[in-house]
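Thanks for coming. I will take a few minutes on one structure, so please have a look at it first.

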Amino acid sequence: MLKVRITLIICSVIFLSACSSGDWRSASRDSAGLAPPPAETPQAVIEVYAADAYGWRGWFAVHTWIAIKPEQASEYTVYEVVGWGVDEGRSALRTYQTEIPDRYWYGARPDVLLTLQGEEARELIPQIEAAVERYPWTGEYRAVPGPNSNTLPAWIAIQVPELGLQLPFSAIGSGYARRDRGD
């Protein structure tokens with residue numbers, strides 16, 4: 001019986017250490033080299049990214065975000081939803097300016113789900129901005145069933161169907177966007 005307990009403890013420690021991706025504070029947030037550099041790209045750009053969620057969640061789920069760059073802009077505007085701070089009254093919707101919208105998501109290299117440039121992007125950017133303004137779950141975050149990081153891109157895809165944005169199956173929480181379209 002003691003051997004079984006020791007074996008279970010050892011297996012549990014190994015399993016739990018495999019779930020860890022290290023310290024999130026030291027995980028890479030470097031550019032993946034996917035986004036057109038804003039200084040070299042005068043035309044408008046829209047990009048949607050997905051990266052494995054942090055830690056063990058990345059085994060089955062992704063985190064998604066949207067970046068837009070109007071014509072002649074020197075930076076991208078990134079829109080994403082994160083849960084930390086929501087319980088203390090912080091908005092789940094985060095908006096920031098950056099030259100590198102394609103950062104690793106805490107160690108996970110992103111993939112490009114959608115990229116549009118030029119006239120098509122220029123025409124759709126105001127619609128994306130308006131959809132972000134109407135996002136109805138800024139004060140909420142729940143990993144499952146949502147709203148979570150995947151709900152915002154799904155919401156934008158519904159509000160701006162001309163994007164043609166398709167989120168992967170692993171974008172858990174994307175279906176939550178259909179609960180209340182805010183129309």
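I will go through a pair of helices, the loop between them, a residue in another loop, and a pocket. Keep in mind that this is a predicted model.

Start with the two helices. Helix α2 covers residues 119–133, and helix α3 covers residues 151–159. Their axes come within 9 Å of each other and cross at roughly 125°. Angles over 145 degrees would count as roughly antiparallel and 65 to 115 as roughly perpendicular, so at this angle α2 is oblique to α3. As for the hand of the crossing, α2 passes α3 in a right-handed way.

Which residues make the contact between α2 and α3? On the α2 side they are I128, A131 and V132. On the α3 side they are W155, I156 and Q159. Sorted by class, that contact has 5 nonpolar residues and 1 polar residue, with no charged ones.

Now follow the chain from α2 to α3. The loop between these helices holds P145, and P147 is in that loop too. What is the peptide bond from V144 to P145, cis or trans? That bond is cis, with omega near 5°. The bond from G146 to P147 is also cis, and there omega is near 0°.

Q72 is not a glycine, yet its phi is positive, at about 65°.

Last, the pocket. I am speaking of the second largest pocket, which has a volume of about 230 Å³. Its lining includes A154, A157 and I158.

To recap, α2 and α3 cross at roughly 125°.

Conventions: Residues numbered from 1 in each chain as written. Predicted model: local features only at pLDDT ≥ 70, side-chain atom pairs only at ≥ 80, totals over all residues. Heavy atoms only, no water. 1 Å grid on protein atoms, 1.4 Å probe; cavity = no way out; pocket = protein on both sides within 12 Å on 5 of 7 lines; lining within 4 Å. Points joined across faces, edges and corners; volume = space filled by probe spheres on them. Axes fitted to C-alpha atoms, helices over the stretch in contact; angles between N-to-C directions. Helix = DSSP H or I, 4+ residues; strand = E, 2+ residues; numbered from the N terminus. Parallel < 35°, antiparallel > 145°, perpendicular 65-115°, else oblique. Left-handed = near helix turned anticlockwise from the far one by under 90°. Contact = heavy atoms within 4.5 Å. Nonpolar A, V, L, I, M, F, W, Y, C, P; charged D, E, K, R; others polar.
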